[in-house]
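Me: I'm new to this and would like to learn how to read a protein model. Can you walk me through one, feature by feature?

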Amino acid sequence: MYRIERTMLTSYELPAEGLTTHEFEVKRSRFITWIDRARSEDDARALIHAARESYPDARHHCSAFVVHVEGAQPIERSSDDGEPSGTAGRPMLEVLKGSGMLDVAAVVIRYFGGVKLGTGGLVSAYTDAVADALPQVRRRRRVVRELVTVNLPHAEAGRVEAELRVHGVDVVGVEYGSLARYTLAFAPGERPLIDAHLAASTQGQAEAKAAGHRWIEVDA
């Protein structure tokens, strides 16, 4: 599931950009699943709207999504869209939550086939519709990185940058003036190591200053 340090989420998986689709039938009812990235409620509702526009004659467009909110609990929403209460949206949401991903939305479009599935059958069908599609979803990981800035003489900047990169420090910005002003990114909790590497590389002449944090995406 999600990894939390203290009260701040520092890493989570999310879908890569691009729509994933899946389709199957149960007793002549056709279920079409869409799963995509949703970085906000608006993104999720846009996906639902797109599904309605693409399949306007379908009986149901059930949905669920989980969206990361920094410093707060994720936003979780689901809709049965006319199916009996609790038989579609909620099961879909539980599958999404079990995937460990955030910023993810799913829509299941149903064309009724004339045979009623019953409460248990609907729960099973909507659960399977999302669960069977999830293995096809390519994943990325969002990680938080602490930022510091440091001023380096131009003559030393290239060497110091190379040494920092060897120790896993990412250079995410450089501004040139009388000195080269570097913005460095690293995993939370590694500031003492960064300070030590910087002191060793510059004989204690350079001092890093905190510059907040940034989310970046990496391969899952």
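Me: Okay, how many helices and strands does the chain have?

Reply: Helices (H or I, at least four residues) and strands (E, at least two) are DSSP runs, numbered from the N terminus. Here the chain has five helices and 11 strands. One heads-up: this is a predicted model, where local features need pLDDT of at least 70 and side-chain atom pairs count only at pLDDT 80 or more, while totals for chains, interfaces and linings use all residues. Residues are numbered from 1 along each chain as its sequence is written, and side-chain values use heavy atoms, with hydrogens and water left out.

Me: What is the radius of gyration of the chain, and what would a compact globule have?

Reply: The radius is taken over C-alpha atoms, and the globule rule is 2.2 Å times the number of residues to the power 0.38. For 220 residues, a compact globule would come out near 17 Å, but this chain has 24 Å.

Me: Which way do the residues of β7 point?

Reply: In a strand, check each side in turn. Val104, Ala106, Val108 and Arg110 point one way from β7, while Ala105, Val107, Ile109 and Tyr111 point the other way. Both sets are buried, so β7 (residues 104-111) has eight of its eight residues buried under the cut-off for that word.

Me: Which strands pair with β7?

Reply: Two strands pair if DSSP finds at least two bridges between them. Strand β4 (residues 29-37) runs antiparallel to β7, with eight bridges joining them. Look for Phe31, whose bridge partner in β7 is Arg110. Strand β5 (residues 60-67) also pairs with β7 in the antiparallel sense, over seven bridges. There, Ser63 has Val107 of β7 as its bridge partner.

Me: How many residues make up the hairpin link between β9 and β10?

Reply: The hairpin joins β9 to β10 through three residues. Strand β9 (residues 170-176) and strand β10 (residues 180-186) run antiparallel, joined by six bridges. Tyr176 stands opposite Ala180 in β10.

Me: Now a helix. Which residues of α2 are buried?

Reply: List the residues under the cut-off, then see what covers them. In α2, seven of the 10 residues are buried: Gly89, Pro91, Met92, Leu93, Val95, Leu96 and Lys97. Their cover includes β5, β6 (75-79), β7 and α3 (118-131). Just after α2, Gly100 takes a positive phi of about 85 degrees.

Me: Why does Leu93 count as buried?

Reply: Leu93 lies in helix α2 (residues 89-98), and it counts as buried because its relative accessibility is 1%. Leaving aside neighbours within four places in sequence, Leu93 is in contact with Ala64, Phe65, Val66, Glu76, Arg77 and Ser78.

Me: What do contacts say about the chain as a whole?

Reply: Take the contacts between residues at least 6 apart in sequence: 72% of them join residues at least 24 apart.

Notes. Contact means heavy atoms within 4.5 Å. Buried means under 20% relative accessible area, exposed over 50%, partly exposed in between (1.4 Å probe, protein chains only).
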